[in-house]
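Reader: I am new to this structure and would like to go through it in questions and answers. Please show it first.

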Amino acid sequence: MKPMIEFCISNLANGSQAALEKLAKDPNLDIIEYGCLSYCGKCYQSFYALVNGKAVTGSDYDELVENIYQFLEENSLY
């Protein structure tokens, strides 16, 4: 089972698209885009994605990618 990374389309439009593109190159991740994930406060304040259902944020797309991989390392599914 691959980790699931979910992105809000509004947050992608605000700049996290580069994070999605970088993560999409990893064959070990499932990347999904949604119209809205109902995390409007996080969406407005920072770049974010849901990683296996938990919100992970970053001040820029590089930090978001870094924080996602760190979260996955610390919260292994296995």
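Reader: Is Asp-62 buried, partly exposed or exposed?

Author: This is a predicted model, in which local features need pLDDT of at least 70, side-chain atom pairs count only at pLDDT 80 or more, and totals for chains, interfaces and linings use all residues. Residues are numbered from 1 along each chain as its sequence is written, and side-chain values use heavy atoms, with hydrogens and water left out. Buried means under 20% relative accessible area and exposed over 50%, with partly exposed in between (1.4 Å probe, protein chains only). The relative accessibility of Asp-62 is 39%, so Asp-62 counts as partly exposed.

Reader: With which residue does Asp-62 form a salt bridge?

Author: A salt bridge is a side-chain nitrogen of Lys or Arg within 4 Å of a carboxyl oxygen of Asp or Glu, and by this rule the count comes to one. Its closest N and O atoms are 3.6 Å apart, and the partner of Asp-62 is Lys-22.

Reader: Which helices hold Asp-62 and Lys-22?

Author: Helices (H or I, at least four residues) and strands (E, at least two) are DSSP runs, numbered from the N terminus. Lys-22 is partly exposed, at a relative accessible area of 44%. The pair links distant parts of the chain, 40 residues apart: Asp-62 is in helix 3 (residues 61-74) and Lys-22 in helix 1 (residues 9-24).

Reader: Where around the axis of helix 3 do its buried residues lie?

Author: The buried residues of helix 3 are Leu-64, Val-65, Ile-68, Phe-71 and Leu-72. The arc is that of the directions from the helix axis to the C-beta atoms. These residues cover an arc of only 125° around the axis, so they are on the same side of helix 3.

Reader: Which exposed residues does the face of helix 3 turned away from its buried side carry?

Author: The buried residues of helix 3 pack against strand 1, helix 1, strand 3 (47-51) and strand 4 (54-58), where contact means heavy atoms within 4.5 Å. The face turned away from that buried side carries Glu-66, Glu-73 and Glu-74.

Reader: How far from Glu-6 is the nearest side chain of opposite charge?

Author: Glu-6 lies in strand 1 (residues 4-8). Leaving aside neighbours within four places in sequence, Glu-6 is in contact with Ile-32, Tyr-34, Leu-37, Ala-49, Leu-50 and Gly-53. For charge, Lys and Arg count as positive and Asp and Glu as negative, while His and the chain ends are not counted. Glu-6 is buried without a salt bridge, and the nearest side chain of opposite charge, Lys-54, is at 11 Å.

Reader: Is the aromatic pair of Tyr-39 and Tyr-48 stacked, edge-to-face or tilted?

Author: The structure holds one aromatic pair, formed by Tyr-39 and Tyr-48 at 5.9 Å centre to centre and 40° between the planes. Rings of Phe, Tyr and Trp (its six-membered ring) pair if their centres lie within 6.5 Å; planes under 30 degrees apart count as stacked, over 60 as edge-to-face and the rest as tilted. Tyr-39 is partly exposed at 30%, whereas Tyr-48 is buried at 1%. The pair is tilted.

Reader: What is the phi of Asn-52?

Author: Asn-52 is found in the loop between strand 3 and strand 4 and is partly exposed, with a relative accessible area of 28%. Although Asn-52 is not a glycine, its phi is positive, at about 50°.
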